[in-house]
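The exercises below are meant to be worked with the sequence and the structure side by side. Each begins with a task and is followed by a solution that goes step by step.

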Amino acid sequence: FKNNIRYDKFEWYIYKTDHFEIFYYPQVVKHLEKIARYPESAYQHISAELKHDLASRVPLMIFKTGSEFQQQHVLPEEMPEGVLAFAEPEHNRMVLPIDQPSDQLYDLITHELTHVFEFDIIPRGLGLLNNLPLWMDEGLADYMTGNWNPLDLMNVRDVAIADIIPP
């Protein structure tokens with residue numbers, strides 16, 4: 001963490017919607033209204049599918065580019081290579097860059113927001129629930145986007161074919 005170089009100092013502001021507190025900095029402001037519609041739409045979809053509403057607004061930190069996202073210091077440890085975005089169970093927040101085509105950005109938001117719903121429905125840190133199988137979390141998140149990550153799809157298929165789905 002101490003070697004994680006910080007090139008930019010972000011001046012954060014908050015934009016509130018019905019279900020989100022979007023943390024942004026001035027370089028993102030021209031994209032803010034468009035970006036705010038994506039998580040709200042994803043929220044409606046996931047909430048309807050899971051028949052569940054979250055009790056409070058979800059904090060959503062957005063970065064203009066992937067390289068700025070890589071500089072984030074939200075996580076105390078260095079982020080693993082290849083992580084495009086993340087949701088945190090401890091704070092029920094999402095952190096992501098917005099420099100993707102609209103359809104991919106919407107899928108990314110839907111994927112990460114599904115994790116926030118999962119954290120709310122199945123709280124972490126309660127003994128056995130601390131270590132839910134990755135295929136459960138990622139499988140539901142991919143299902144909600146309608147686009148399966150090939151590795152996640154392979155894991156779900158292997159579990160189903162081997163008939164090792166937990167009770």
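**Exercise 1. Compare the end-to-end reach of helix 1 with the length expected at 1.5 Å a residue, then find which of its residues are buried and what they pack against.**

Solution. In this predicted model, helix 1 has 19 residues, and the distance from its first C-alpha to its last is 27 Å. The expected span is 1.5 Å times one less than the number of residues, and the value for helix 1 is close to the 27 Å expected.

The next step is to sort the residues by accessibility, with buried meaning under 20% relative accessible area. In helix 1 the buried residues are Leu-32, Ile-35, Ala-36, Tyr-38, Pro-39, Glu-40, Ala-42, Tyr-43, Ile-46 and Ser-47. In an α-helix there are 3.6 residues a turn, so residues three or four places apart point the same way. The partners of the buried residues of helix 1 are strand 1 (13-16), strand 2 (20-24), strand 3, helix 3 and helix 4.

**Exercise 2. Describe how helix 1 and helix 4 cross, and name the residues that make the contact.**

Solution. Begin with the axes: those of helix 1 (residues 32-50) and helix 4 (residues 134-145) come within 11 Å of each other and cross at roughly 115°. The crossing of these two helices is right-handed.

Then list the residues on each side. Helix 1 contributes His-45, Ile-46, Glu-49 and Leu-50, while helix 4 contributes Leu-140, Tyr-143 and Met-144.

**Exercise 3. Check the length of helix 4, list its buried residues, and follow the chain to Trp-148.**

Solution. Helix 4 has 12 residues, which at 1.5 Å a residue should span 16 Å, and its end C-alpha atoms lie 17 Å apart, so the two values agree. Its buried residues are Asp-137, Glu-138, Gly-139, Ala-141, Asp-142, Met-144 and Thr-145.

Just after helix 4 comes Gly-146, with a positive phi of about 85°. Trp-148 is then found in the loop between helix 4 and helix 5 (150-161), and because its relative accessible area is 33%, it counts as partly exposed. Although Trp-148 and Glu-138 are 10 residues apart in sequence, their C-alpha atoms are 9.3 Å apart in space. When residues up to four places away in sequence are not counted, Trp-148 touches Gly-139, Asp-142, Tyr-143, Leu-153 and Val-156.

**Exercise 4. Find how many aromatic pairs the whole structure holds, and classify the pairs Tyr-43 with Phe-117 and Phe-63 with Phe-69.**

Solution. A search of the whole structure gives 9 aromatic pairs. One of them joins Tyr-43 and Phe-117, whose rings are 5.2 Å apart centre to centre with 55° between the planes, a tilted arrangement. Since Tyr-43 lies in helix 1 and Phe-117 in helix 3 (residues 102-121), this pair ties together parts that are 74 residues apart in sequence. Tyr-43 and Phe-117 are both buried.

For Phe-63 and Phe-69, the ring centres are 6.2 Å apart and the planes stand at 70°, so the pair is edge-to-face; the cut-off for this class is over 60 degrees. Both of these residues are buried. Ring pairs also link Phe-63 and Phe-69 with Trp-12, Tyr-25 and Phe-86 into a cluster.

**Exercise 5. Decide whether Glu-112 is buried or exposed, and name the residues with which it is in contact.**

Solution. Glu-112 is located in helix 3. Its relative accessibility is 7%, and therefore Glu-112 counts as buried. With neighbours within four places in sequence left aside, the contacts of Glu-112 are Ala-85, Phe-86, Ala-87 and Met-94.

Notes:
Residues are numbered from 1 along each chain as its sequence is written. This is a predicted model: local features need pLDDT of at least 70, side-chain atom pairs count only at pLDDT 80 or more; totals for chains, interfaces and linings use all residues. Side-chain values use heavy atoms; hydrogens and water are left out. Axes are lines fitted to C-alpha atoms, for helices over the stretch in contact, and angles run from 0 to 180 degrees between N-to-C directions. Helices (H or I, at least four residues) and strands (E, at least two) are DSSP runs, numbered from the N terminus. A crossing is left-handed if the near helix is turned anticlockwise from the far one by less than a right angle, and right-handed if clockwise. Contact means heavy atoms within 4.5 Å. Rings of Phe, Tyr and Trp (its six-membered ring) pair if their centres lie within 6.5 Å; planes under 30 degrees apart count as stacked, over 60 as edge-to-face and the rest as tilted. Buried means under 20% relative accessible area, exposed over 50%, partly exposed in between (1.4 Å probe, protein chains only).
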